Amino acid sequence: MGDARNQVLLCQEVESELRDLCLECRKKFPIIKEYTERAILKLRHHRDLAEQDGRAQQDLPEFPLDEVLRAILMACETFQNTIVLLSLTCLQKLIHRRVLKDETIAIVINLMKEQATNGDESVQLKVLQTIMATPSRMTLFNELVVEQLMQLLYVLHNSASATVHHTACAGLSQLAEKMADRAADEIGAEAEIPELQAIAPVIRRHPAASMPTVQPTQAPETLTGPLRMFYVFVQDLCVMADYDVSSLSSRYASDAVERMRTGSREGYWLNSIKFPRPLCLELLCTCVAAHPAIFTGSTECFTLLRHNLCAALLKNLRGCFDFAILIRSIQLLQQLLKSSELAALLMPELQVFLHLMVDLTNAERSPWQRATSLEFLKSVCEDPTALVVLYEHGGTKEVAASPASSPASGSRTFMELVNSLSKLIHQVCFSSGLDSSALLHSAAAAAGTSGGSATAAPSAGSSGSTGGGSSTAPRPPANFGDVGRGLLLLGTVNLPQLL
């Protein structure tokens, strides 16, 4: 009885929208009016059958979806904003009531793509509302539907309206997260744990090491369903995020805002889409952050991560002169460090990335590069998981294999990070013309405040004292600068206790 009641309410809602559409098309489009009236008659007949008493649930007639969709499609072909908005509203009713079939979602997405290309902001916003209301089981029905949906969101991403542009970016992030969710469910069904140590890295910390290349290939035959879809999507993001050094002179000749919204390379699977590099890096960060276990649970996905994603990240970090790209590259790097299992497997790549981030703090770098890299190093020093991984897995194989080696000798990456930070602090404190005594006093007070009520361990030549946890840290000097403030934040981490 409840299902019959839902059918009656559905017919009433759709009929109301179709009547408005029929009135709008009465004078200019009589053919559309005729087809709309036919759909209304079908709806009324369906409603009358559903309202009959004593009818069993399995005896309910099929909803006249074909007639309603035919009227909507014909109305949208007029490209009249008022008629199109009424048609999309009726389509939203069908999606909300879960009447739309999975087989028809490709037709609906193609219809919305044609309307979004028209460029009217009100129509584009209505299209975005319709996409957000569509369940993920329909938007991720198969690769063809996902490809059409990507093309639709790409059209909306290129809209002149800032509202449509940012909402389309949010829709792409939501779609990437849903794809990761379905791929993770596929991975969770497999009990085997792949052997990932045998996959050799393509990034090495060597002066003569060549820059790796991102080479797309066909998806492995072993991947099927949602996992294959996730694989080809991440691979295309790596291809579009790949940094081409040869086009350096032409890339930075255009306007910065336009450059950040315009892509330069098509994908391998999405061969008609050019996502800009900041968006690609943001979507890659979403894929990694949603389910890192996808890359550790599949040999093919880990190979893609190690060979393509890390290569694209290296190129964007090494030759970056855009703040938007650097910020998103750092966010992606932070997600790799947050997963202890991924970070342990990617230690050769992380050594190179950390070296690049420390290099960005040099005096010849621009202030925003130095401040951004210091903020990243601060986040590493504040993350216990990242520090443990760097300490336990950052040594060379020869040292790690020696049972007689000391703990400090087996964590080369961790010691290099501490030594680089100490050199950086020495450079700013004693080589930059700052008031070193005031600087050190401020850093020491901040470190004492962060220690709270903890008791400092006495050294060999001292009488032992406790830190003043109740005092507040003084403000830094006026000439301290952004880099100095970043160092003051780094100074709040008590690195000797970690050793």
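## Basis of the description

Helices (H or I, at least four residues) and strands (E, at least two) are DSSP runs, numbered from the N terminus. The model is predicted: local features need pLDDT of at least 70 and side-chain atom pairs count only at pLDDT 80 or more, while totals for chains, interfaces and linings use all residues. Residues are numbered from 1 along each chain as its sequence is written, and side-chain values use heavy atoms, with hydrogens and water left out.

Helix H19 (residues 367-382) holds both Lys 378 and Glu 382, which are four residues apart, about one turn of the helix. These two residues form a salt bridge (a side-chain nitrogen of Lys or Arg within 4 Å of a carboxyl oxygen of Asp or Glu), with the closest N and O atoms 3.0 Å apart. Lys 378 is buried at 14% relative accessibility, whereas Glu 382 is partly exposed at 46%; buried means under 20% relative accessible area, exposed over 50%, and partly exposed in between (1.4 Å probe, protein chains only).

## Salt bridges between separate elements

The whole structure contains 14 salt bridges. One of them joins the side chains of Arg 44 and Glu 15 at 2.8 Å, N to O. This pair links distant parts of the chain, since Arg 44 belongs to helix H2 (residues 30-51) and Glu 15 to helix H1 (residues 2-24), 29 residues apart. Arg 44 is partly exposed, at 34%, and Glu 15 is buried, at 4%.

Lys 101 and Glu 62 form another salt bridge, their closest N and O atoms lying 2.9 Å apart. Lys 101 lies in the loop between helix H4 (81-96) and helix H5 (105-116), and Glu 62 in the loop between H2 and helix H3 (65-76), so the pair ties together parts that are 39 residues apart in sequence. Lys 101 is partly exposed, at 34%; Glu 62 is exposed, at 59%.

## Arg 306 in helix H15

Arg 306 is located in helix H15 (residues 299-318) and is buried, with 4% relative accessibility. Its side chain makes a polar contact of 2.8 Å with that of Glu 349. A polar contact is a pair of N or O atoms within 3.5 Å; within protein, one must be able to donate a hydrogen and the other to accept it, and residues adjacent in sequence count only if both atoms are side-chain atoms.

## The nonpolar core

The largest nonpolar core comprises 135 residues, of which Val 68, Met 150, Leu 156 and Phe 275 touch the most other members. Helix H10 (residues 225-241) supplies the largest share of this core, twelve residues. Such a core is a set of buried Ala, Val, Leu, Ile, Met, Phe, Trp, Tyr and Cys residues joined through side-chain atoms within 4.5 Å.
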